[in-house]
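Here are my notes on this one, point by point. Have the model open while you read.

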Amino acid sequence: MQISDSTTATRGVRADLVGAIPSLRAFAVSLCGNPDRADDLVQETLVKAWVNLASFTEGTNLTAWLFTILRNIYYSDYRKRRREAADPDGLMAAKMVAPASQPGHMDFLDFRAALQKLPLDQREALILVGASGLSYEEAAAICGCASGTMKSRVNRARNRLAELLSLATDKESASVFDFSDPIGSENAEAD
């Protein structure tokens with residue numbers, strides 16, 4: 001006897017669910033303004049209602065319960081979509097692609113190994129002028145040599161480094177190792 005009452009009740013709820021679809025759709029369209037999105041909201045509402053049918057109290061207002069479910073789904077989606085940027089063509093996402101950091105790290109390790117292969121005087125000159133930003137004259141004073149000697153050491157160090165790293169030695173790729181600074185270039189003109 002219990003089974004037949006339950007089956008009858010389920011059939012009645014099922015008929016009420018189907019009967020509520022036009023009202024749910026009208027409410028969904030009024031919320032979101034998009035008929036396609038409204039159909040999706042109604043479908044999600046009916047699925048949630050069917051899955052949670054055990055939580056519905058028989059004899060209460062089924063339509064109000066369904067409207068509450070639909071409204072909650074809409075506002076949950078609204079809160080989620082509010083944090084998302086509209087990007088239908090994927091242009092914004094394409095701009096946000098970051099290159100992998102692995103090659104840069106590996107290049108740095110190669111550079112460090114090649115720097116260690118330079119003779120001490122060339123490595124010292126390159127670090128003082130290139131990395132520390134000292135002028136040729138300041139670096140020469142620190143090393144106790146002439147300014148021209150410092151320029152020569154830096155030049156030989158750059159060329160050898162480019163060779164060790166298998167870089168082209170033409171003018172365009174030499175800009176990779178352009179360690180000149182405004183102070184150094186002003187002082188070079190005075191020589």
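**Notes on helix packing and ring pairs**

1. Helices here are DSSP runs of H or I with at least four residues, numbered from the N terminus.

2. Before going on, bear in mind that this is a predicted model, where local features need pLDDT of at least 70 and side-chain atom pairs count only at pLDDT 80 or more, while totals for chains, interfaces and linings use all residues. Residues are numbered from 1 along each chain as its sequence is written, and side-chain values use heavy atoms, with hydrogens and water left out.

3. How do α2 and α3 pack? Helix α2 (residues 35-51) meets α3 at an angle of about 120 degrees, and their axes are 9 Å apart. Axes are lines fitted to C-alpha atoms, for helices over the stretch in contact, with angles from 0 to 180 degrees between N-to-C directions. The two are therefore oblique (under 35 degrees is roughly parallel, over 145 roughly antiparallel, 65 to 115 roughly perpendicular, the rest oblique).

4. On the α2 side of that contact (heavy atoms within 4.5 Å) you'll find R37, L41, V42, E44, T45, K48 and A49, and across from them W65, L66, I69, L70, I73, Y74, D77 and R81 of α3. Sorted by class, the contact of α2 with α3 has nine nonpolar, one polar and five charged residues (nonpolar: Ala, Val, Leu, Ile, Met, Phe, Trp, Tyr, Cys and Pro; charged: Asp, Glu, Lys and Arg; polar: the others, Gly among them).

5. Now the rings. The whole structure has four aromatic pairs (Phe, Tyr and Trp, its six-membered ring, with centres within 6.5 Å; planes under 30 degrees apart are stacked, over 60 edge-to-face, the rest tilted). F27 and F67 have ring centres 4.9 Å apart and planes at 40 degrees, so this pair is tilted. F27 sits in helix α1 (residues 2-32) and F67 in helix α3 (residues 62-82), so the pair ties together parts 40 residues apart in sequence. F27 is partly exposed at 24% relative accessibility, and F67 is partly exposed at 22% (buried is under 20%, exposed over 50%, partly exposed in between, with a 1.4 Å probe and protein chains only).

6. Y74 and Y75 form an edge-to-face pair, with centres 5.2 Å apart and planes at 70 degrees. Y74 is buried at 16%, whereas Y75 is partly exposed at 32%. Ring pairs link Y74, Y75 and Y78 into a cluster.
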